[in-house]
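Work through the exercises below with the sequence and the model open side by side. Each task is followed by a solution in steps.

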Amino acid sequence: YYRGFYNKSGSVMNFQKHEIDGVTYEQKMNVTSLLMIGIDKRSTDENKSYRDGGQSDFLLLLVLDHKNKTIHQLQIDRDTMTSVNVLGLFGNSAGSRVMQICLSHGYGMDRQERCKNTLSAVQGLLGCPELESYMEIPLDAIAALNDLLGGVTVTLQDDFTMADPAMQAGATITLT
C-alpha cells in the first residue's frame, strides 16, 4: 500500500500534505480502505469469456479510521462515467474507454482480475492512491447479508398487494 498522492500528470508526490486550489489537505495515516463490489452474477454462474464478468451494480468505498474508530463511506453510482481498462478480442489489453463504471467488472480472465479492474476504475475516478482491499459480493449473497442485518425496513410508496396483501402503499415493513 503506497501512502502518497498523485498529481494531475499522474506522477507520485511523496509527502503527506497536498494543496489543491489553495486548500491544504493532510493525508490521514492509520486508515484501511475497502471497496465493496456487488455484482449481478451468482457465485455459481459460469463466465464464458474474458469480457463476461458481469456488472458491478453496487460500489461502496469504506475507509476505516483506526485512530478515531470511525468508518467513512462513499457510494459510487453504477452509472458514473469514467475511464475503464478494456480487453480486446483475444483477451489482451486494448487500452481504456470512457464508460459506465459498472462495466469495469466485466473485463478480466478471472474474478480477481475483474475486481482489480474495478479497483483501478475507482482509483482513476477519485484520483486516489492505490486502494488496499476489495470484497466481491455475488448476487446470491444478498439474501444472506440481508438476513444477517435483521432485514431492511422500508415504507412502501406503491401498492404491491397483488404480491402480498400486507404490502399496501404507505405500509412500513421489514423485508427478509
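## Exercise 1: Confidence

Task: Find which element has the lowest mean pLDDT and which the highest, and say where pLDDT stays under 50.

Solution. Step 1: start with the overall level, an average pLDDT of 83, with 87% of the residues scoring at least 70. Step 2: by element, the lowest mean is 40, in strand β1 (residues 5-6), and the highest is 94, in strand β7 (residues 70-76). Step 3: the stretch under 50 is residues 1-15, for which the model has 32 contacts beyond four places in sequence. Step 4: where pLDDT is low, the predicted coordinates should not be read in detail.

## Exercise 2: Layout of the chain

Task: State how many helices and strands the protein has, and what pattern they follow along the sequence.

Solution. Step 1: the count is 2 helices and 12 strands. Step 2: in sequence order the pattern reads β-β-β-β-β-β-β-β-β-α-β-α-β-β. Step 3: among contacts between residues at least 6 apart in sequence, 46% join residues at least 24 apart. Step 4: of the 176 residues, 32% count as buried.

## Exercise 3: A hairpin and one of its residues

Task: Describe how β8 and β9 pair, and determine whether threonine 82 is buried or exposed.

Solution. Step 1: strand β8 covers residues 81-87 and strand β9 residues 93-100; they are antiparallel, with 6 bridges. Step 2: asparagine 85 lies opposite serine 96 of β9. Step 3: the two strands make a hairpin with 5 residues between them, and glycine 91 in the turn has a positive phi of about 85°. Step 4: threonine 82 belongs to β8. Its relative accessibility is 9%, so threonine 82 counts as buried. Step 5: beyond its neighbours within four places in sequence, threonine 82 contacts Arg97, Val98, Met99, Ile101, Ala121 and Leu125.

## Exercise 4: Nonpolar cores

Task: Say how many residues the largest nonpolar core has and which element gives the most to this core.

Solution. Step 1: the largest core has 18 residues, and those with the most contacts inside it are Leu35, Ile37, Leu59, Ile101, Tyr107, Val122 and Leu131. Step 2: two or more residues come from each of β5 (31-39), β6 (56-65), β8 and α1 (111-126). Step 3: α1 gives the most, with 4 residues. Step 4: another core, of 5 residues, lies apart from this one and includes Met36, Leu60, Leu62 and Ile137.

## Exercise 5: A loop lysine

Task: Locate lysine 69 and decide whether this residue is buried or exposed.

Solution. Step 1: lysine 69 sits in the loop between β6 and β7. Step 2: its phi is positive, about 55°, although lysine 69 is not a glycine. Step 3: the relative accessibility of lysine 69 is 75%, so this residue counts as exposed.

Technical notes: Residues are numbered from 1 along each chain as its sequence is written. This is a predicted model: local features need pLDDT of at least 70, side-chain atom pairs count only at pLDDT 80 or more; totals for chains, interfaces and linings use all residues. Side-chain values use heavy atoms; hydrogens and water are left out. Two strands pair if DSSP finds at least two bridges between them. pLDDT is the predictor's confidence in each residue, from 0 to 100. Contact means heavy atoms within 4.5 Å. Buried means under 20% relative accessible area, exposed over 50%, partly exposed in between (1.4 Å probe, protein chains only). A nonpolar core is a set of buried Ala, Val, Leu, Ile, Met, Phe, Trp, Tyr and Cys residues joined through side-chain atoms within 4.5 Å.
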